Every structure is written in structure tokens, then in C-alpha cells.
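Here are some notes to read beside the structure, chain by chain.

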Amino acid sequence: MSDTVNITINGQVVHARIGQSVLQAAQSAGIDVPTLCDHPHLRATGSCRVCLVEIEKQRMLQPACTFPVTEGMVVRTETDKVVEARKFSLQMLFSERNHYCMFCASSGTPETSECELQKLAYRYGLDCFQYPPAWQKEWPVDASRKSFTMDHSRCILCRRCIRACDEIAANHTLGVFQRGAKTMICADDSVTFGQSTCVECGTCLQACPTGALMDKRSSFVGHASECRTVRVTCVGCAVACGLKAMVRGNTVLRLDGDWDEHNAGLLCVKGRFESLRRPENRITKPMIRRDGELVEVGWDEAITYTAGKFKEAQSTAGMISPRFTNETMIAMGAFLNEVLHSDQVTLLHGLVPPLDLEPRAQLKDLEDATCIVVVGEDVLQGQKVLGYLTKRAYDRQASVVVVDDHDTAMDDYATERLHLDAMSRHGPSPFAALKFTYHLSLDGISRLRKILETSERPVVMYGPALSTLVYAALRSLPPHVKFLPLATGSNACGAAQYGIEMREVIADALFVMAGDEPSNGFVLPPASFTVVQAVGHSELTKKADVVLPGRLWTEKRGTIVNIEGRERPVVELTEAPEGIGPDWMPLAMMAAVLGRPGLFATMAQVQNSL
Amino acid sequence: MAWIAEDRRAVSAKSSDQPLLTDAMKKHLEEKYFPRYPTRRAVVLPALHYIQHTYNYLPAQALEELALFLQIAPSEVLDTASFYEEYWLKPKGKYLVSVCRSLSCEVCGSKELEAHLKRKLGIELGQTTGDGRFTLVEVECLGACGTAPVAMVNDVLHENLTVDQLDQVLNSLPADPHDYKDPTVNWELDEH
């Protein structure tokens, strides 16, 4: 039996797959059917009645988004009857709340409007309120969330946000309260969004068709049509989600999840909102500490001074944040090895588990995995997107096994819980993360093996710092088990490729590339001379002898490697302040002073070729 | 338009230190209703009835506890509970007097019944008497047009009502509303 059917839409013969809706068939044939509540990445519900079409042998107009195709079906999408019904639906939607477009951030001309409701009103020539809007009632605005607001007056109750919360973020915060004209989108048991279980991943914001959910940063500062949209990579963690950045002039206004990337539109609060916070007290000029005070100097002076100190030093070491691109990692390694003849290069933080466990899983494997095992890492705290994907697996009844030494946020979704034991590792370490190794008992290992053997499409996400025995046990699992290494630190996997890992270093002179690390609290090994390259002042720069300015993640260009082992592009979204070159620039300048002027001649070529 | 973060919940969800959905109630739901339905989620409707039967309304705390017990989101429980008017999210009187306001009943004098009740109880529609004994509401068709006018007192339907008969019904109600049952219904089958 063939799995395609032939249907006729507006006189055009369309081949559709069985199981497709009329809307999907029309869209794949390039026939435009207007929609509001429908979203290509969400389950269709048919609640807005805007996609109504005429289908022969059907008594009434039918919603295209939920009506399945059948052989010989004849559909008309823009007859007078259909247009009349659509106009009526739109009028009803406009009368339900106070849709005064001129006060809304999404409002615009037919070309620039970001509101799907307004666009349809333009398209169908709605020039007045046929029914009075609900101005009698004061619909509240809920601004209790940090990064985006909910204006109930602009809500059309399409329930996209609820479906996004349920189906994409698997957080189940949103629901509806009351019914009929009183219906409102609510969180949990009707508390404000800020008090609720909302994790501010912003998936609902991305799905909202009107201005009901409004981003605090990008509202009222310009339309998307006036901005550049750039596809980039989030450097918040090693998942390296795909982003669509809306950039106006030299400012990134808004980040959305890229539906066509491995994260399929999903982002976390870190990637979507927090990554755009501007750094406080940005460093714009090189500085040298003189009599205890940091004094601004020129690049040449700073570099010559630093190079001299490194030349004198008995031993040298480099520390680099895992947020840097592969190119900068290579430069750091080359500078230390070739110029300073030191093999002491370490990550500032970030651990990478062994990457040789095969086959490597991709994020899409998590979407249809029958069993997900999380070993030694709290994915709902660290790599949140992986946590949401795991919760999605839990929702579709896949088994979720959490293996950890302490309580994790994932425990509530664990169908089975195994315990890791902490074992102390080689001696005291300045890095808290290096103090322990974690071990799973032999009983636990055999239990894990049993679960995985009987599962059809299992994925094991494993953290760093497990005992060698646990890794050995994971390596010997059946070949259908896929592995995802939970590296901490955005480009820690890339760094590992170039042999840069977190380890202890002892040196007289220390070159620290902190970059745009958002947090303080790193412990540096004692050294008589410390250079810190950073974006903003922090605890690190307070103790530094020389401070060099660095670039924000939005000003970088290069590549990073994510936990799937894929190389992901980092593209400049904004221009760096004048005088702040690429991250590897100070290294190249120092190499030149120290007698290796040609060392990074090819680096520029590497950069340009990307 | 108010740019305020409004807490739409009138009272805090937590109203008691003790769980309102007690272990005994959970056990009852487990034994009686879980076997009847394919999923836990499906038990939400009878469970809401059961909680309302126990507390006379649905305390927010009990809804949260129910969500946890049925392994569904609190928003889903509230979604269901707020959809049906027969679920009370705010406390109501021990006896809920529902006067039918549909056409047949109105033709046969439901407005007189309503006016009498308002006068007698000293309350408006939707209000509860000061002693917490009666709540008065009007409802859509109760499906007994042939015997109009009709009114329901809790779960018991009273047909062909006159003002005097209604007085009689209200005056003879037992102290505990759980003792007030329709003699024509086999409660053994349907009891919570």
C-alpha cells in the first residue's frame, strides 16, 4: 500500500503523506494557509479557527491544521465562505482582549509587524473593531519574571506557550485558569510567573505569536526587519546550542533558539538571557601595576614589559578559560610550548571525561531514546538543555537512570537511582573539582548494564571524574548504547583535542586568559608575576601584575567543539571596542618580542578561512 | 492598564501544616479509582470530587498535593478544577442551593423562588450566609423541565417547587450535609 495520497488544493494536485494534515500538505506544496495557534514544532490543537478551509463532502469548514489528508480530498483555502469565517474568527479574537496594536512592541506595518494577529488583520482588511474589545476589564501585566513579561491583554489564548512549556521545555509550568471569557494563561496553581516553577528558558516567549509575551531587552527598540539576523553558537556551556541573534547596530537585542540546529529551538536561561548581560567595569586598555595600583599603558609598553618578565622567569605556565575558541586554544598552546618552552598549559576550569566512548550520541538521539542514563552530573543545573531533553524523555515514558553521589534536580524524574561513592584523589588540589573521583559499585555497574542491555535506544550521559573502573565498564557496554560526554566548560572538548586539560601548574610567571568568564572565585596558583587577560575587572585582575583587555563572546570569531564532537561556528555579532584585538593577539605580539615574529602568521589565515 | 505583578491567588496555597490530602484519602483513591482508569491523570476528576466532598470546596493546598500524588503538573489540576463551575475553588456554605434559571423554570416561577430565597437568607446570588450554612446560586437547566420549577440543594433535586415547599426543605435539613442524601439514588454504588 502506498503511503501517499493525492489531494487537490485550490485546483492544484498535491501529493501528501498519510498522516499529514491538510495544512502540512498545503505548506509543502507552497500554498499559504494562514495560522495562529499552529506552530511547526508544536502539536496542532486547532483552537484559533483561522486556518479554516473548505473541504468537499464536509458539512462545515474544517481547521486545516488538525484535519488529516485522505485520498481524493478536494480543498479550497480562500473561498468567500472561508475568508468570511476567518474574518469572523479574527474579529472574535480582537474582541476578546484589548488589542490596541499601536501600544504594542510587536506592532508594525504589514511588512514589519512581528505580530501574527496583526499581520492577519492587515491581510484580511480588518479596519475596525466589529465587536467592542474587552476594555471594561483590566487584564493584568505580569512582570515578575526577570527577563520577559506577560501582558494578558495581548494574549489570544492560542496555548502555544503552554505547548512549548510542555512539549519542548518539558517543564509543565503553564496552564489555563477558568474558562470562556475569563480564561487566562496561568502558572502552576495561578501564582505569578516569577513565583512559579518557571525556569525562564524563554521557549514560550519564542513561540508566542503576538506581543503577549514580551522580551524586556528587545521590546520597543526596533523591529526585526531593521536588524540583522545572524546564526551563531551559544558559548554558555558545552552543548553549544544554535542561536539566531537579532543584532541592531552594535547591540545584540535578542537571542532565539535555532529550530534547525541540534537544540531544535530549545535554550536555557543562561543562553537566552544571561549571556547578553553587559560586563561591569569593562577593561579597555592594557594596565600595569605600579606601586600597588593598576595604571593604564599602551599595548607596546604592556607587551614589552610582560615579555621581559616572562623571559626572566624560571618557569612559566598558561591558564585559559574554556570559553575561548579553538584558534585561541591553539595559540595558547603554541605560545607556551614554542616560545616559552613550557608544557604547563591548563584550563582555568572545566573537566572533560574520556572522549573515546563510542558511538557518540547526538542531541537528536535524546529525543527518541528509550533510556537515558545520567552519570555524575546534574544536567538540570549545568547543561540545562540536556536536562530538558531528559525530562522530555521521562514524559514519553522512557526510563531515566540517575547515577550520582548527591541529590540532583533530576532525581524527581529518575525511574531508577544508583549511588556513586566519592573517593579522594591524588593529594590536595587548588581546584575543588579535582579533589575527588567518583566510583560506582560493582553491583551498581551490573545493574546499569542490565538496564541498558534490555533497552532499545539507550543513551548514557557521563560526567568527568569517574573512576577508571566505571569508564572501563561503560566502554564494555553493548554496541547499541550511545554516549554523550558531559564536559563542563564551553569549549573544554575543543581544548581537550589540543591537549589542554585542567591540571595543576606551578610557575613563577603565569599567563591567565580569563576572557569573558562571568564568575569570580577561581583560585590561581601562587606566582611572582601574573598576567590576566579579561573582559571585566574581577578577583583575578585585583591580584594581577599586568591586565590586558579581552573580547566578549559576541565579539569573537572562530570555532568551538561541543559535546557531540561537532565543530560549531562562533561569529562576531558586535564590534569590539577600539584597541581590543582578537584574543590571540597579545600572544602573537609577545611572541614577536620574544623572537618568534612569524609564529602566528598563519593564525590570521585560519581566522579568515572560517 | 496596570503594570503590576498581580498575585491572582487570593490565599496562600499552604493553609495547613498537615497534608489535606491525607494518607487515608490517598489510599482510598488508589484502591477505588486507580483500577478503574488507564492512567493516574484520569483520576483527577473523581479525586477533585472526593476532595470537595471532604472539605466542601477545593483548598489550593489540596490541589497541589493532588498534583504531586497524580504525578501531573499543578497547572493541569487547576486547569481542570477551574474549568467546571461545580468545583469550588473558594469556600462555600454547607448547603449549596442552586435555582434553575432556564426557560421552563422561569415561566413556572423560578424568579419568585429566587427572590424568596434572597429575602429569607439575606444574601445575593453567589453569596454565602454569615453562619456559613447556605450559598445561593442560579444554574443553567437541571434537566427537569417537565417538573419546573426546580432547585437543587447539594446533590438532591427538588421538583414542582413552591415557596412553601422550598421553606420546608430548607428548614428540615440535617446539621451535617453528608447526611443529606437523595433517597432515590443508590448511594452504595456511587459513594465516595
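1. Domain bounds here come from an automatic or database domain assignment. On that basis, chain B has domain 1 (23–83) and domain 2 (95–179), and the centres of domain 1 of chain B and domain 2 of chain B, taken over C-alpha atoms, are 29 Å apart.

2. A word on conventions before going further: this is a predicted model, in which local features need pLDDT of at least 70 and side-chain atom pairs count only at pLDDT 80 or more, while totals for chains, interfaces and linings use all residues. Residues are numbered from 1 along each chain as its sequence is written, chains are lettered from A and ligands numbered from 1 in the order in which they are written, and side-chain values use heavy atoms, with hydrogens and water left out.

3. For an overview of chain B, count eight helices and four strands; these are DSSP runs (helices H or I, at least four residues; strands E, at least two), numbered from the N terminus. Along the sequence they come in the pattern α-α-α-α-β-α-α-β-β-β-α-α. Taken along the principal axes, the C-alpha atoms of chain B fill a box of roughly 50 × 50 × 30 Å.

4. Of the 192 residues of chain B, 41% are buried, where buried means under 20% relative accessible area, with a 1.4 Å probe and protein chains only. Contact means heavy atoms within 4.5 Å. Among contacts in chain B with a separation of 6 or more, 63% come from residues 24 or more positions apart.

5. How do helices α2 and α4 of chain B pack? Helix α2(B) (residues 44–55) and helix α4(B) (residues 74–83) meet at an angle of about 70°, their axes 11 Å apart; axes are lines fitted to C-alpha atoms over the stretch in contact, and angles run from 0 to 180 degrees between N-to-C directions. That makes α2(B) roughly perpendicular to α4(B), the term for 65 to 115 degrees. The crossing is right-handed, meaning that the near helix is turned clockwise from the far one by less than a right angle.

6. In that pair, B:Val44, B:Leu45 and B:Leu48 of α2(B) touch B:Val77, B:Thr80 and B:Ala81 of α4(B). By class, the contact has five nonpolar, one polar and no charged residues. Here Ala, Val, Leu, Ile, Met, Phe, Trp, Tyr, Cys and Pro count as nonpolar, Asp, Glu, Lys and Arg as charged, and the others, Gly among them, as polar.

7. Now compare helix α6(B) (residues 110–121) with helix α7(B) (residues 163–171): they pack at about 45°, with axes 10 Å apart. That makes α6(B) oblique to α7(B), and their crossing is right-handed. The contact involves B:Glu112, B:Leu113, B:His116, B:Leu117 and B:Lys120 of α6(B), together with B:Val163, B:Leu166, B:Asp167, B:Leu170 and B:Asn171 of α7(B). These residues divide into five nonpolar, two polar and three charged.

8. Chain A is assigned domain 1 (4–123), domain 2 (141–276), domain 3 (287–350 + 495–606) and domain 4 (363–486). The C-alpha centres of domain 1 and domain 2 of chain A are 24 Å apart, and their contact takes 27 residues from domain 1 and 26 residues from domain 2.

9. Finally, look at helix α4(A) (residues 160–168): seven of its nine residues are buried, so the helix is largely enclosed by the rest of the structure. The buried residues are A:Arg160, A:Cys161, A:Ile162, A:Arg163, A:Ala164, A:Cys165 and A:Ile168. Their cover includes α3 (116–123), β8 (174–177) and α10 (384–395) of chain A. After α4(A) comes A:Ala170, with a positive phi near 50°.

Key:
Angles under 35 degrees count as roughly parallel, over 145 as roughly antiparallel, 65 to 115 as roughly perpendicular and the rest as oblique. Buried means under 20% relative accessible area, exposed over 50%, partly exposed in between (1.4 Å probe, protein chains only).
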